[in-house]
Amino acid sequence: MPSSDSRHDKVSGDPIVRRGAAVEPIMHRAARIEDAFHEFRARRARKRGFLATVVPYTGYGSPSWVRILGRVVLAKEPRPGSRAERLHRRREESIRGWRSFISVPLAETTVTVEIEGDRHEVTTDRGGVIDSVVPVQLSPGWHTVRLSTAESTRVFEAPVFVLDPKATFGVISDVDDTVMVTALPRPLLAAWNTFVLDEHARVPTPGMSVLLERLSAAHPGAPVVYLSTGAWNVAPTLTRFLSRNLFPAGPLLLTDWGPTHDRWFRSGREHKRTSLERLAQEFPGLKWLLIGDDGQHDEDLYGEFTVAHPDNVAAVAIRQLSNSEAVLAGGRSKADKHRELSGTPWVYAPDGAGLSEQLTELGLLP
């Protein structure tokens, strides 16, 4: 029988399947250079005693399947409970953003996934990212997945949210300049906020945590998904930020920076587009509240999605940037145009309080 294998596309996360004599996609030169650089760094790190370490991310799924997310990197492992481990944890939570981008990922590494006594083996992609769907039999609610590698004795735990099949409402929220102020329309300031600031100096968008918490309370069991063009490198930082600022827990859908198999640099816009399509296919019975800002591509992407999937959108809520930010971002929102094209309610406000008032008028909040 012909052999088969599967690799993951670095932009969308979808598998690229090779069967028998099928031709594997030609790898872009930049991707080959990046892979060679990572292999060189990995050899040096192993000589210094670094081991494969799993960085677990929050997953999601249904009672019959879950999407496992995480990343495998090379790191030193301090003894559990030791002073070195406590120092490492404190240092990790106060690092500058740029340090998140210098970890050494491990491509094509086997990871054992254990959930409710069942074990599965999954493989990382060329960026070290775990993004696999495994069959399960779980009840709705939060569960814990245990992740491990063959070369380490440590077991890492990742939360997964199992959606109730009876659920009819969910929230998809952008991160940058929607729940966290990053000033992405201004590249230099965005770079400073992302790479230089200590994570404790990051500022939440006014009123957004209250808005999302109210939505979660009004719709028990509704999933909250954070969709961003940010890199998987910053997932631990974003998770701590969301928890520290009292945002409801939920999976982060990020992307891998750098070249892909067919282009110089990954497309953040395409990542969001394919993620929205995937969620619509995975949960066809849900109506999503799409939350974003008018600083980048959220309006266009959400507009495309509402036209293509009108039955899967409850409303669109757009956080308007300040006057100075809006000028640099290309102008104010055009609410009437979007409403006419999609027939879906669109609301606009500069903060969470303003959006809450309008969502209350639409009946999405009590």
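Reader: How do helix 6 and helix 7 pack, roughly parallel or roughly antiparallel to each other?
Author: In this predicted model, helix 6, which covers residues 268–282, and helix 7, which covers residues 298–308, pack at an angle of about 30 degrees with their axes 11 Å apart. Angles under 35 degrees count as roughly parallel, and therefore helix 6 and helix 7 are to be described as roughly parallel.

Reader: Which residues make the contact of helix 6 with helix 7, and how many of the residues are charged?
Author: From helix 6 the contact takes Arg 269, Lys 272, Arg 273, Leu 276, Glu 277 and Ala 280, while helix 7 brings Asp 298, Asp 300, Leu 301, Tyr 302, Glu 304 and Phe 305. Divided by kind, the residues of this contact include 5 that are nonpolar and none that are polar, and the number that are charged is 7.

Reader: Turning to the aromatic rings, is the pair of Tyr 60 and Trp 65 stacked or edge-to-face?
Author: The whole structure holds 7 aromatic pairs. In the pair of Tyr 60 and Trp 65 the ring centres lie 6.1 Å apart and the planes stand at 75 degrees. Planes over 60 degrees apart count as edge-to-face, so the pair of Tyr 60 and Trp 65 is edge-to-face.

Reader: Is Trp 65 buried or exposed?
Author: Trp 65 has a relative accessibility of 17%, and the cut-off for a buried residue is under 20%. Trp 65 therefore counts as buried.

Reader: Which residue forms one aromatic cluster with Tyr 60 and Trp 65?
Author: Tyr 60, at 4% relative accessibility, counts as buried. Tyr 60 and Trp 65 belong to one aromatic cluster, and the residue that forms it with them is Phe 283.

Methods: Residues are numbered from 1 along each chain as its sequence is written. This is a predicted model: local features need pLDDT of at least 70, side-chain atom pairs count only at pLDDT 80 or more; totals for chains, interfaces and linings use all residues. Side-chain values use heavy atoms; hydrogens and water are left out. Axes are lines fitted to C-alpha atoms, for helices over the stretch in contact, and angles run from 0 to 180 degrees between N-to-C directions. Helices (H or I, at least four residues) and strands (E, at least two) are DSSP runs, numbered from the N terminus. Angles under 35 degrees count as roughly parallel, over 145 as roughly antiparallel, 65 to 115 as roughly perpendicular and the rest as oblique. Contact means heavy atoms within 4.5 Å. Ala, Val, Leu, Ile, Met, Phe, Trp, Tyr, Cys and Pro count as nonpolar, Asp, Glu, Lys and Arg as charged, and the others, Gly among them, as polar. Rings of Phe, Tyr and Trp (its six-membered ring) pair if their centres lie within 6.5 Å; planes under 30 degrees apart count as stacked, over 60 as edge-to-face and the rest as tilted. Buried means under 20% relative accessible area, exposed over 50%, partly exposed in between (1.4 Å probe, protein chains only).
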